[in-house]
Amino acid sequence: INGQYNKAVEYIDRCLELAQPDSPNRTNYILGKAAVLGMAYTKTSDNDYLAKAIEQYESLLPKMPSNTVILNNLAYMLADGDMRLEEALEYAERAHRIKPNDPGLLDTYAYVLYKNGKYNQAAEYLQSAKQLYEQEAVSAPAEVYEHLGMIKEKLGANLEAVAAYKQA
């Protein structure tokens, strides 16, 4: 919360040293560490934080191959860093197959499709995500509109892109 990401990671690493190898707490600590590293990347754009966050999520994937949080976050981070985009697409597809009506997962799937140059598909999935948010009577997060703007821009729908960016 205070932006002391390295200190937070140090404390989590201490907890990891004390946790038993098969302890559920260990998994929670790794998830927490990945989240902190992800926040540090978002705040600083330091690719070292991104790489370390990806590493943490990947360490959990063999034990939890159907965990949509891990799959979604891993897909998003890889795509956001323009890394291993085909692999990111596989992770996003897996998460979407597990929870096809989750608007957050659909947003990530659309974003990863966009990053893979599949703009028409990305637009379709993002529209579905927006509709699901509306059905839940919840405002879509700003990132959904940002992603929509990016996609519409690539599709040459500049007026729609501007409207989406304004909404974001």
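A salt bridge is taken here as a side-chain nitrogen of Lys or Arg within 4 Å of a carboxyl oxygen of Asp or Glu. The legends below describe close-up views of a predicted model.

**Figure 1. The salt bridge between Glu160 and Lys152.** The closest N and O atoms of Glu160 and Lys152 are 3.0 Å apart, and the two residues form a salt bridge. Glu160 is partly exposed, at 44% relative accessible area. Lys152, by contrast, is buried, with a relative accessible area of 18%. In a further view, Glu58, Arg84 and Glu87 are joined into one network by salt bridges that share partners. The structure holds 6 salt bridges.

Figure 2. Helix H9 spans residues 158-167 and includes Ala161. With a relative accessibility of 3%, Ala161 counts as buried. When neighbours within four places in sequence are left aside, the contacts of Ala161 are Gly149, Lys152 and Glu153. One of these, Lys152, is also the salt-bridge partner of Glu160. Leu78 lies 83 residues from Ala161 in sequence, and the C-alpha atoms of the two residues are 24 Å apart in space.

**Figure 3. The salt bridge between Asp13 and Lys33.** The side chains of Asp13 and Lys33 form a salt bridge with an N to O distance of 2.6 Å. Asp13 has a relative accessible area of 26% and is partly exposed. Lys33 counts as buried, its relative accessibility being 13%.

**Figure 4. The salt bridge between Lys115 and Asp82.** Lys115 and Asp82 form a salt bridge in which the closest N and O atoms are 2.9 Å apart. Asp82 is found in the loop between helix H4 (68-80) and helix H5 (85-98), whereas Lys115 is in helix H6; the pair therefore ties together parts that are 33 residues apart in sequence. Lys115 counts as partly exposed, at 21% relative accessibility.

**Figure 5. Asp107, a buried acidic residue without a salt bridge.** Asp107 is located in helix H6, which covers residues 103-115. Asp107 is buried and has no salt bridge. Its nearest side chain of opposite charge is that of Lys130, 11 Å away, whereas a salt bridge requires the nitrogen and oxygen to be within 4 Å. The side chain of Asp107 does make a polar contact of 2.7 Å with the side chain of His147. Apart from neighbours within four places in sequence, the residues in contact with Asp107 are Leu126, Ala129, Glu143, Val144 and His147.

**Figure 6. The nonpolar core and the surroundings of Leu126.** In soluble globular proteins, nonpolar side chains tend to be buried together. The largest nonpolar core in this model has 50 residues, and those with the most contacts inside it are Leu74, Tyr91, Val112 and Leu126. Two or more residues of this core come from each of H1, H2, helix H3 (47-60), H4, H5, H6, H7 and helix H8 (142-154). H6 gives the largest share, 8 residues. Residues up to four places away in sequence not being counted, Leu126 touches Asp107, Ala110, Val144, His147, Leu148 and Ile151.

**Figure 7. The stacked pair of Tyr76 and Tyr111.** The structure holds 4 aromatic pairs. The ring centres of Tyr76 and Tyr111 are 4.8 Å apart and the ring planes lie at 25°, so this pair is stacked. Tyr76 is in helix H4 and Tyr111 in helix H6, and the pair links distant parts of the chain, 35 residues apart. Tyr76 counts as partly exposed, with 26% relative accessibility, while Tyr111 is buried, with a relative accessible area of 4%. Tyr76 and Tyr111 form one aromatic cluster with Tyr114 and Tyr119.

**Figure 8. The tilted pair of Tyr109 and Tyr125.** The aromatic pair formed by Tyr109 and Tyr125 is tilted, with 4.6 Å centre to centre and 55° between the planes. Since Tyr109 is in helix H6 and Tyr125 in helix H7 (residues 119-135), the pair ties together parts that are 16 residues apart in sequence. Tyr109 counts as buried, at 6% relative accessibility. Tyr125, at 24% relative accessibility, counts as partly exposed.

Terms used. Residues numbered from 1 in each chain as written. Predicted model: local features only at pLDDT ≥ 70, side-chain atom pairs only at ≥ 80, totals over all residues. Heavy atoms only, no water. Helix = DSSP H or I, 4+ residues; strand = E, 2+ residues; numbered from the N terminus. Buried < 20%, exposed > 50% of the residue type's maximum accessible area, 1.4 Å probe, protein only. Lys, Arg positive; Asp, Glu negative; His and termini not counted. Polar contact = N/O pair within 3.5 Å; in protein donor to acceptor, adjacent residues only side chain to side chain. Contact = heavy atoms within 4.5 Å. Phe/Tyr/Trp six-rings, centres within 6.5 Å; stacked < 30°, edge-to-face > 60°. Core = buried A, V, L, I, M, F, W, Y, C linked by side-chain atoms within 4.5 Å.
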